[in-house]
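Colleague: Walk me through this one. I want to learn how to read its features.

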Amino acid sequence: MKKLSLFFSAVMLCLTLTACGSGEPAKASSVAESDKSIVQEKLNKTESKSEQPDETAPAETADSPDSPETDSGTNILVAYFSRADENYSVGTVEVGNTQILAEYIAGEVGADSFHIETVTPYPADYDECCDVAKQEQKDNARPEIIGSVENTEQYDIVFLGYPIWWGDMPMAVYTFMDSYDWTDKVVIPFCTHEGSGLSGTDSSIASVTGAQVLTAIDMRGSTAQALNDDTRQTVRSWLDDLGF
Ligand SMILES: Cc1cc2nc3c(=O)[nH]c(=O)nc-3n(C[C@H](O)[C@H](O)[C@H](O)COP(=O)(O)O)c2cc1C
């Protein structure tokens with residue numbers, strides 16, 4: 001544990017020095033006015049849909065292998081990868097850092113949610129998990145995911161959340177992106193890390209999915225884990241700027 005942690009601390013220090021604004025509790029680059037109009041256009045699609053008389057489906061979530069079979073009435077999905085157990089800086093946690101952020105965002109925007117989980121779970125031990133993640137990245141692996149999002153055509157806006165693993169997204173997020181048709185979808189990334197910032201993952205999402213990718217937010221995992229009023233306010237302002 002000690003050897004790898006020391007190595008990781010050195011990596012983190014380098015990444016912190018290069019990461020844009022990563023010393024701040026949470027960071028969203030200033031949101032472009034065009035992002036807001038793109039979101040508005042997508043949100044209007046649901047409003048006009050809900051004006052139709054036979055829209056009676058109850059709200060459900062996609063938070064399990066059994067995704068909603070019926071239209072839950074929202075066109076927003078929060079899909080996220082997050083791992084609990086032992087992690088850098090937070091110790092052993094029951095709920096992953098990104099999941100805490102994902103749940104807050106989903107609550108604020110009234111979205112369905114989908115937890116990207118792998119069929120083979122990652123080791124609970126931090127060092128072992130680092131080894132597995134590194135190997136997967138080296139192999140450009142696509143680890144199998146539990147379940148899938150049904151009714152993908154229902155969602156026009158997808159918030160995509162993940163931790164930074166070795167300067168990139170966990171490979172399971174690539175499995176997720178590879179599994180769907182992203183035509184006409186808007187993706188809004190959010191990530192947690194311990195110094196690396198977004199690490200260009202927003203650009204990777206754009207090139208893998210071909211979707212329109214709007215302004216992301218990133219924050220330290222330890223900040224998300226201890227989610228407080230200030231952090232909520234920062235996330236809320238980012239959502240406000242995006243037009244939610
Ligand atoms: C396998 C692994 C690799 C990681 N690599 C990085 C990294 O390259 N840069 C960084 O800033 N943080 C790194 N971290 C820290 C995580 O990004 C951070 O703890 C994150 O908040 C974890 O989110 P989660 O609890 O939702 O999984 C890594 C953590 C793990 C487990």
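Colleague: In which sense does helix 5 pass helix 6, right-handed or left-handed?

Modeller: The idea comes before the case. A crossing is left-handed if the near helix is turned anticlockwise from the far one by less than a right angle, and right-handed if clockwise. Here helix 5 passes helix 6 in a right-handed crossing. Helices (H or I, at least four residues) and strands (E, at least two) are DSSP runs, numbered from the N terminus. This is a predicted model: local features need pLDDT of at least 70, side-chain atom pairs count only at pLDDT 80 or more, and totals for chains, interfaces and linings use all residues. Residues are numbered from 1 along each chain as its sequence is written, and side-chain values use heavy atoms, with hydrogens and water left out.

Colleague: At what angle do helix 5 and helix 6 pack?

Modeller: Two packed helices are described by the angle between their axes and the distance between the axes. Axes are lines fitted to C-alpha atoms, for helices over the stretch in contact, and angles run from 0 to 180 degrees between N-to-C directions. Helix 5 (residues 171-178) and helix 6 (residues 201-209) pack at about 35°, with axes 10 Å apart. Contact means heavy atoms within 4.5 Å. Helix 5 contributes Tyr-174, Met-177 and Asp-178; helix 6 contributes Ser-204, Ile-205, Val-208 and Thr-209.

Colleague: Which strands pair with strand 9?

Modeller: Two strands pair if DSSP finds at least two bridges between them. Strand 1 (residues 26-28) pairs with strand 9 in the antiparallel sense, over 3 bridges. Strand 7 (residues 186-193) pairs with strand 9 in the parallel sense, over 4 bridges. Look at Asp-218: Lys-27 has Asp-218 as its bridge partner, and so does Cys-191.

Colleague: Which way do the residues of strand 9 point?

Modeller: In strand 9 (residues 217-220), Ile-217 and Met-219 point one way, Asp-218 and Arg-220 the other way, and all are buried.

Colleague: How many helices and strands does the protein chain have?

Modeller: The protein chain has 8 helices and 9 strands. Of its 244 residues, 50% count as buried.

Key: Buried means under 20% relative accessible area, exposed over 50%, partly exposed in between (1.4 Å probe, protein chains only).
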